[in-house]
Amino acid sequence: MAASQRIPEWRKLPLSLTELCIDTTLRCGQSFRWRNINDEWHCVLQGRLISLKQDPSHLHYKVTWPSKPAAIAPLTPPLSLNSKCPTPTTKEMESENDDTASLLHSYFALSYSLAALYKQWAASDANFARRALAFTGIRILNQDAWETLVAFICSSNNNISRISQMVHKLCIHYGPYVGTVDGEAFHDFPQPEALAGSQVETHLRELGFGYRAKYIAETARIVSAERPAGWLLKLRNPRCPALGVAPEQVKKEESKDDIEPPSYRAAHEALLQLAGVGPKVADCVCLMGLGFGEAVPIDTHVWQIAQRDYNLGKGVKSKTFSKALYDTVGDHFRKIWGQQAGWAQSVLFTANLKSFAEQASGLKTDRSDTDAAVVKVEETQLILTASAPGARTGKRKTVATKVAAKHELEDDSDQTTETKISTRRTSKRIKVKP
DNA sequence: CGTCCTCCTCGCCG
DNA sequence: ACGGCGAGGAGGA
């Protein structure tokens with residue numbers, strides 16, 4: 001079973017479980033490629049296979065570089081690894097030049113103190129304090145922008161399980177092979193060019209992508225052919241510490257005042273031009289792929305919670321969730337939670353849907369003989385993605401809620417009590433806003 | 001700006 | 001046993 005690759009060494013970063021819990025963070029619906037095999041998490045990031053495991057004081061990681069340097073595979077250097085990175089030899093990358101530690105630091109946004117953020121959110125929002133403080137270690141990942149974009153195009157009308165399958169298919173069929181763990185192949189995520197071919201839409205339809213096949217192929221074509229190189233990366237938040245020292249473009253823009261630096265609003269609008277990207281998908285990409293912590297993705301599930309726990313939407317007539325309303329709800333949360341509102345929302349919704357970690361991970365290996373209700377809870381955990389199946393029919397909702405309540409505190413009685421904060425203002429704004 | 005339909009899949013219901 | 005229905009995000013009329 002030991003592959004032909006060199007046997008990599010485990011290394012570790014000091015990190016408490018309250019600052020990062022990978023079991024929660026890696027399967028809460030923001031990333032779709034991590035696979036748990038034998039209690040270790042594995043994923044290809046930037047051309048290398050990364051394995052993770054965790055104990056209360058450390059995050060342990062292992063790096064496996066591809067044995068065959070992917071000569072054809074396009075480089076994937078979101079950061080400024082220019083001439084350095086093409087086909088690194090195994091030996092090279094395992095020694096001093098290995099940038100995996102900094103990659104993980106960036107990927108998990110470790111420059112933020114989660115304790116400090118939780119404290120801030122709890123101080124400004126009693127509802128957050130009550131529901132979310134027990135759910136530590138939940139982080140917004142700083143993922144590759146292109147991958148995030150495609151993954152969340154796949155997320156429309158979809159659930160985590162199927163999104164993961166679709167992303168996996170994209171990697172298998174279009175991404176470079178990197179390594180194997182316990183007989184399972186790992187590929188990197190394909191570059192836009194690889195998904196821009198003329199046969200891609202048809203092929204993806206055959207693979208079960210449904211109408212999203214068209215969106216992916218079209219967006220890949222736009223990004224690879226109709227946008228300048230590095231277009232997506234230039235939308236990233238230059239002030240996001242997790243992104244580190246930004247590429248040269250940012251420096252240019254800093255010196256030239258006539259070019260406006262990337263902003264959340266600008267990035268959001270730019271993403272809306274792509275196929276299959278609406279406000280929610282755009283916000284997912286802004287938050288998880290571009291480093292804009294203030295982006296708050298709002299789906300119907302979030303909207304329901306917002307109405308229930310934050311008394312939003314009181315004066316809203318329209319039954320459909322318009323763009324204007326979408327923006328208003330986001331503004332409201334940004335007002336409450338501040339600069340990392342999207343992160344706060346993720347934590348809150350993970351807390352809301354409680355359950356998971358132990359229960360779900362213990363049962364998820366075999367879904368077939370698992371109580372259906374538990375599976376539902378598992379799928380409902382997605383925070384920012386996909387559908388919330390539990391909210392579908394009355395019956396399912398009841399079942400899911402029951403199961404969830406079993407796991408943790410139940411809290412259906414007095415939500416309205418504490419949600420005052422800026423309720424009035426909000427309802428007013430919703431009414432007033434055109 | 002709101003409405004309504006389509007896309008597609010899945011799970012629930014009858 | 002199977003067909004209808006509806007939920008979910010985006011797009012288009």
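Guide: Start at Trp337. Leaving out residues up to four places away in sequence, Trp337 touches Gln120, Trp121, Asp125, Phe128, Tyr310, Ala344, Gln345 and Leu348. Touching, or contact, means heavy atoms within 4.5 Å. This is a predicted model, in which local features need pLDDT of at least 70 and side-chain atom pairs count only at pLDDT 80 or more, while totals for chains, interfaces and linings use all residues. Residues are numbered from 1 along each chain as its sequence is written, chains are lettered from A and ligands numbered from 1 in the order in which they are written, and side-chain values use heavy atoms, without hydrogens or water.

Trp337 and Leu271 touch the most other members of the largest nonpolar core, a group of 82 residues. Helix 6 gives this core its largest share, eight residues. Another core lies apart from it, with 21 residues, including Leu20, Trp41, Ile50 and Tyr107. Such a core is a set of buried Ala, Val, Leu, Ile, Met, Phe, Trp, Tyr and Cys residues, joined through side-chain atoms within 4.5 Å. Buried means under 20% relative accessible area, exposed means over 50%, and partly exposed lies in between (1.4 Å probe, protein chains only). In soluble globular proteins, nonpolar side chains tend to be buried together.

Helix 16 covers residues 341-352. Helices are DSSP runs of H or I with at least four residues, strands are runs of E with at least two, and both are numbered from the N terminus. How many residues of helix 16 are buried? The count is 12 of the 12, so helix 16 is largely enclosed by the rest of the structure. The expected span is 1.5 Å times one less than the number of residues.

Now move to helix 9, residues 212-226. Its 15 residues should span 21 Å; the end C-alpha atoms are 20 Å apart, which agrees. The buried residues of helix 9 are Arg212, Ala213, Ile216, Ala217, Thr219, Ala220, Ile222 and Val223. An α-helix has 3.6 residues a turn, so residues three or four places apart point the same way. The buried residues of helix 9 pack against helix 6 (145-154), helix 7 (160-174), helix 8 (200-206) and helix 10 (231-234). Take Thr219: its relative accessible area is 1%, so it counts as buried. Leaving aside neighbours within four places in sequence, Thr219 contacts Trp146, Leu149, Ile153, Leu274 and Ala275.

Leu274 leads on to the DNA. A backbone N or O atom of Leu274 lies 3.4 Å from a phosphate oxygen of DNA strand C. For a backbone N or O atom of Gly276 that distance is 2.6 Å, and for one of Val281 it is 2.8 Å. These are polar contacts, pairs of N or O atoms within 3.5 Å; within protein, one must be able to donate a hydrogen and the other to accept it, and residues adjacent in sequence count only if both atoms are side-chain atoms. Around DNA strand C there are 16 residues, of which Asn157, Gly276, Val281, Asp299 and Thr300 come nearest. A residue is near the strand if one of its heavy atoms lies within 4 Å of it. Of the DNA strand C atoms within 4 Å of the protein, 62% belong to sugar or phosphate and the rest to bases.

For contrast, look at Pro56, in the loop between strand 4 (48-54) and strand 5 (58-64). Pro56 has 60% relative accessibility, so it counts as exposed. Not counting residues up to four places away in sequence, Pro56 touches Leu15, Ser16 and Leu17.

Finally, step back to the whole chain. Chain A has 21 helices and seven strands. Buried residues make up 53% of its 434 residues. Of the contacts in chain A with a separation of 6 or more, 72% join residues 24 or more positions apart.
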